[in-house]
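Visitor: Please take me through one part of this model in detail. I would like a close look at the contact between the two chains, and at what lies behind it.

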Amino acid sequence: MSGFDDSLLNEADETVRIRMVVNGRKVAWEVAPRETLVDCLRDRLELTGTHAGCEMGACGACLVQLDGRAVHSCLIFAVQADGATIDTIEGLSERGAIADLQAEFHRRNALQCGFCTPGMLVNAHELLSQVAQPSREEIRDALSGNYCRCTGYEAIVDAIDAVAKARGTSGGVT
Amino acid sequence: MTAPLTSLDRPNSYIGRSVPRPNAKRLLAGRGRYVSDLRLPRMLYAAFLRSPHAHAKIVSINTEPARAIEGVHLVATGVDLAEICTPWTGTLDHFKGMTSAPQWPLPVDRVVWAGQAVVAVVAESRAIAEDALELIEVDYDDLPVVVDLDVAREAGGPLVNPGSVNNICFRSQLDNGTVDDAFAHAAHVVEEEFTFGRHTAVTLEPRAIVADYDPAAGMLTVHHGTQTPYQFQDLYSRHYDIPESRVRVIASDIGGSFGMKLHVYHEDMAVVGLSILLGRPVKYVADRMESFVSDIHARDHRVRARMALDAKGGILAMDVEDLTAIGAFSTYPRTSVVEGNQVIRLMGAPYRFENYRATLEVIFQNKVQTSQYRAVGHPIACAVTERLVDMAAAKLGLDPFAIRAQNVIPDDAYPQTSPTGYRFEALSHQACLKRLHQMMDYDGLRAEQADLRKRGIHRGIGIAAFVEITNPSPAFYGVGGARISSQDGAILSLTPSGEVRCLISVTEQGQGTEAIISQIVADQLGLAQEHVKVITGDTEVTPHGGATWACRGAGIGGETALQATRALKRNILEIAALILQEQPSALDIIDGQVVDAATRNQRMPISEIARIAYFRSDTLPPGTQAQLTVSHHFAPQGYPFAFTNGIQGCLLEVDVETGLIKLLKHFIVEDCGRVINPMLVDEQLRGGVVQGLGAALFEECRYSDTGQLVNGSLADYLVPMPMEMPDIVIAHVETPTADTELGAKGVGEAGTAAASACVLNAVNDALAPFGATINSIPITPMKVLTALKRF
């Protein structure tokens, strides 16, 4: 074992025990301090709906809800999420929280390859929980951190706009 | 209240109908199956050490400390992989005199761009592999770096490949011999030099591959984020000497491709080799930084062009020189010359003129390879042509619409051959121009522009006509010796319960291939769409084909599905006729029911035919051929390409104080022949437009003098985001191709083809009162301020 860099390996070997509630279920992990939340969600829980697009908070593909607010899971170390409640696209889908958004995205083909889509939906969900009736300009502004290479964004804006209006007429579901 | 009945009012009439994509629901629920999601038992992870130098000799590599790390299974250099993989060379036979150096998965003695993968580590996790990379020592000897285009062309200057005589990859000329004469007699000549920056695809899912070599079975399975699985099956088989039948390539959900994921990448080839060496599955997913320095880049042209016109503004001639810098190698197997070749052949395509000369020079430099990315060559040819047309209009005092109306090939004048040698079957420039004028409310916009100018608000209106290449025939790659198919195949089965399963070689990257194929099958067979299951992207089960690139999904894949479905329908009706004691021609299928063709009275469900054929064939007459699976291949014949056309318009505002440009609205009129799903076509157009707008205003891979990519991250390389993008208004003209029954052409490149040309014209229109001009893309605020002499 000549030339073995002990310090590097030891550091990488260290783990910290963390607990969180992911999509309504309690989980406990031993994680290395350098592990990001997105990698933990994808690798340990196989929640592969959350995507890593840029790993620097610029593209929005990794957005999840942490304690009810949309956050970039690539910018958070898993240890920082200790004690948090996390909802990913899988959890939001399964409990029907974004069913109307998903249906409207589907109807209008507001996605193509679909890689940005979970992040888009998490962000749209966040926006509509903060602003019930955003203008198109406000929708575009809110999505400014979500990169999509396939669509021209317009159908996504249209879909969110339509859901906001529908929720408004049906009594303001959030 | 009651609109007249149309063909869409028939039952099962899906061709022409906006229906959602069945597979999109999965993606919306986070249930995509991207290669980056895949985990196989005993799978290991690869990471690559990359060259910090743009050009250097590899003196030595010390991998020992890296090999010693716990969890590292293999450290491999170029020499290790060269022992099992034969090299490749990115040339095509029909590009006479084209050169490119042989390439290996990893370099054996020299690195030729900064970011090139040099050493591979395979470990139990990506993190361990990356830890190990830090312990690898590579000793390099710097070599002269070729970055600048002019330096690359200098005689006696430094060479990208020291063994060669110069840095020229390919030279070509088109000349009908009459250009000098035309210019000598022209009333007006306009001339400009243009530069087009490098940009790259930036697919949201980076390149991803899982190679799984099973030594016991002698079988290689590769899960590959690509649009062309058959091409890779062939390549892995030949370069690693594994029988083709024992190579399976599976392309499941792909997070964006746009041409970028159909080239051979060194790391991907390496991962296959690493899996062979280890006999275990090996996964590699490029991270974003790696994508910027190793995905193909595109464009990077400098074009000098002039156009000759008569006194009335009729185009007489074009004379073009295109210099294109492609990086250190030509890509394999499609080559990096195709873009330049298309640039010089698409010049002036919408217009009637006879005299043409073009020179193409393709040049090596120490940067990552450039190659085919959405709308190969189109944006360059379109921007040059359309800018010259606008310059001519300004010189002659003509309106941009008027000069185009005067010069486009009339809609009733087809077929036509362009002076560059392309044969056009039928295009619709006049109809598209007219439609755009109306849709933009052009006169209203001009009046508003004049009004706002008085108040110091500088709006620009730009238009650009285009011709798009789609549905390539074997004349595209096949003639050059590349094993890239221009045909596609489909296998269609009626299942025992009366549904249809369609295995087809065209692939899905989100554009909706599976949806339109199921629409065509359901329409032609007379079945509800939900009873058609389409399967794509697996060389083990789907028949061989070219797959989806160059806009061939609908035109070629769709026609394949249509012809296959008609064959299956004939077979079903033959059996039905035997059972019903009827002539097959007297029967038809509607909504899954065999009916009397004349009366539409129901006779029996097709599920009953399937049941009898599969389970009670004893009740059929002796000798009955119950062929409820058909396989069918289709290759384009007739015109070598199904050219499409259209025109785009752009309205934007230039802030002359800051140089910032605000896109206000974009318009496109497009003719892709028969439209199968209008919603999907519109979304293809919008997505394409936005890629062109990104190129026009933001995107550029910028290199330092030493060949370092200086903006290789998503924080530094600007891409179009929702806030900067305008709403895009779309209209269609439909001129189906007569070469197929379906009549569909492609639509994938159309949006990108003319968007940047439109912006270039619109910005120049906005700057016209200042006498300032821009001739370079992307149009950054600095370029605007420089043109305004404010910087």
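Guide: The contact draws 56 residues from chain A and 58 residues from chain B, contact meaning heavy atoms within 4.5 Å. This is a predicted model: local features need pLDDT of at least 70, side-chain atom pairs count only at pLDDT 80 or more, and totals for chains, interfaces and linings use all residues. Residues are numbered from 1 along each chain as its sequence is written, chains are lettered from A and ligands numbered from 1 in the order in which they are written, and side-chain values use heavy atoms, with hydrogens and water left out.

Start with area. Chain A and chain B bury about 4,600 Å² between them, 58% of it on carbon and sulfur atoms. Buried area is the accessible area (1.4 Å probe) that two parts lose on being put together, summed over both.

The rule finds seven salt bridges across the interface (a side-chain nitrogen of Lys or Arg within 4 Å of a carboxyl oxygen of Asp or Glu). R149(A) forms a salt bridge with E699(B), with the closest N and O atoms 2.8 Å apart.

Several helices of chain A each supply at least two residues of the side that touches chain B, among them α1 (6-13), α5 (117-130) and α7 (154-169). Helices here are DSSP runs (H or I, at least four residues), numbered from the N terminus. α4(A) gives the most to this side, with five residues. The residues on this side of chain A divide into 24 nonpolar, 17 polar and 15 charged. Ala, Val, Leu, Ile, Met, Phe, Trp, Tyr, Cys and Pro count as nonpolar, Asp, Glu, Lys and Arg as charged, and the others, Gly among them, as polar.

Next, the core. The largest nonpolar core has 186 residues, and F105(A), I160(A), V759(B) and I779(B) have the most contacts inside it. Such a core is a set of buried Ala, Val, Leu, Ile, Met, Phe, Trp, Tyr and Cys residues joined through side-chain atoms within 4.5 Å; buried means under 20% relative accessible area (1.4 Å probe, protein chains only). Helix α19 of chain B (residues 750-767) provides the largest share of this core, 12 residues. On the chain A side, I160(A) touches residues including L101(A), F105(A) and L128(A), not counting residues up to four places away in sequence.

Terms used: Buried means under 20% relative accessible area, exposed over 50%, partly exposed in between (1.4 Å probe, protein chains only).
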